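Q: I'm new to this structure and would rather get to know one part well than skim everything. Could you pick a single helix and show me how it fits in with its surroundings?

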Amino acid sequence: MKDLLQTPYEEMVIACLKDSEKADYDAIVSQYVHCNERKLFDFANQHEVATIIAMRLRHLGKSSPLWNSPADDWKYRLTQRFEKLDALVSSLEASNIHVMALKNAAIARAIYPVWEECPMGNFDLLVHPED
């Protein structure tokens with residue numbers, strides 16, 4: 001079976017999707033030099049991974065305002081969402097209603113040390129049907 005041919009943009013995204021501690025930064029740099037930054041940014045946004053790539057480029061000292069703005073904006077928005085979630089959970093707990101965060105809400109806090117690497121659109125909570 002022949003290997004699938006991938007564009008430099010696809011290769012760049014694949015290289016960046018590894019955990020930040022296990023990322024092959026040499027591979028990221030070698031792919032990055034073959035990419036037009038604007039096209040890479042558009043491609044990354046299309047596939048909802050721009051913040052992950054932004055963090056890899058930031059780690060390499062190759063970030064630019066093009067990448068920094070969405071990453072910083074996402075971190076701010078996600079911080080605001082978690083603050084609201086914490087307030088909601090505290091309020092529910094005060095009323096003896098217990099909730100459990102599911103999927104991305106739980107994963108972001110438990111696994112991702114850098115929230116910009118965990119794009120999500122909402123929080124899923126489990127509440128006992130009697131509550």
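Which residues of α2 are buried, and which helices do they pack against?

A: Before we start, keep in mind that this is a predicted model: local features need pLDDT of at least 70, side-chain atom pairs count only at pLDDT 80 or more, and totals for chains, interfaces and linings use all residues. Residues are numbered from 1 along each chain as its sequence is written, and side-chain values use heavy atoms, with hydrogens and water left out.

Now find α2, residues 25-32 (helices are DSSP runs of H or I with at least four residues, strands runs of E with at least two, numbered from the N terminus). Its buried residues are Y25, I28, Q31 and Y32 (buried is under 20% relative accessible area, exposed over 50%, partly exposed in between, with a 1.4 Å probe and protein chains only). They span an arc of only 125 degrees around the axis, so they sit on the same side of α2 (the arc is that of the directions from the helix axis to the C-beta atoms). The buried residues of α2 pack against α1, α3 and α4.

Start with I28. Leaving out residues up to four places away in sequence, I28 touches M12, A15, C16, A23, R56 and L60 (contact means heavy atoms within 4.5 Å). Q31 is also in helix α2, and it counts as buried because its relative accessible area is 19%. For a sense of distance, Q31 and V114 are 83 residues apart in sequence and 23 Å apart in space, C-alpha to C-alpha.

From there, zoom out to the largest nonpolar core, with 23 residues (a set of buried Ala, Val, Leu, Ile, Met, Phe, Trp, Tyr and Cys joined through side-chain atoms within 4.5 Å). M12, I28, L40, I53 and W67 have the most contacts inside it. Helices α1, α2, α3, α4 and α5 each supply at least two of its residues, and α4 gives the most, with six. Apart from this core lies another one of eight residues, including L78, F82, L85 and A105.

Some rings are worth a look too, as a search of the whole structure finds three aromatic pairs (ring centres of Phe, Tyr or the six-membered Trp ring within 6.5 Å; planes under 30 degrees apart are stacked, over 60 edge-to-face, the rest tilted). One of them is Y9 with F43, with centres 6.3 Å apart and planes at 45 degrees, so it is tilted. Y9 lies in α1 and F43 in α3, so this pair ties together parts 34 residues apart in sequence. Another is F41 with W67, edge-to-face at 5.0 Å centre to centre and 80 degrees between the planes. F41 lies in α3 and W67 in α5, so that pair links parts 26 residues apart in sequence. Both F41 and W67 are buried.

How far can you trust the picture? The chain's mean pLDDT is 86, with 95% of its residues at 70 or more (pLDDT is the predictor's confidence in each residue, from 0 to 100). Confidence is highest in α3, at 94, and lowest in helix α6 (residues 103-110), at a mean of 75.
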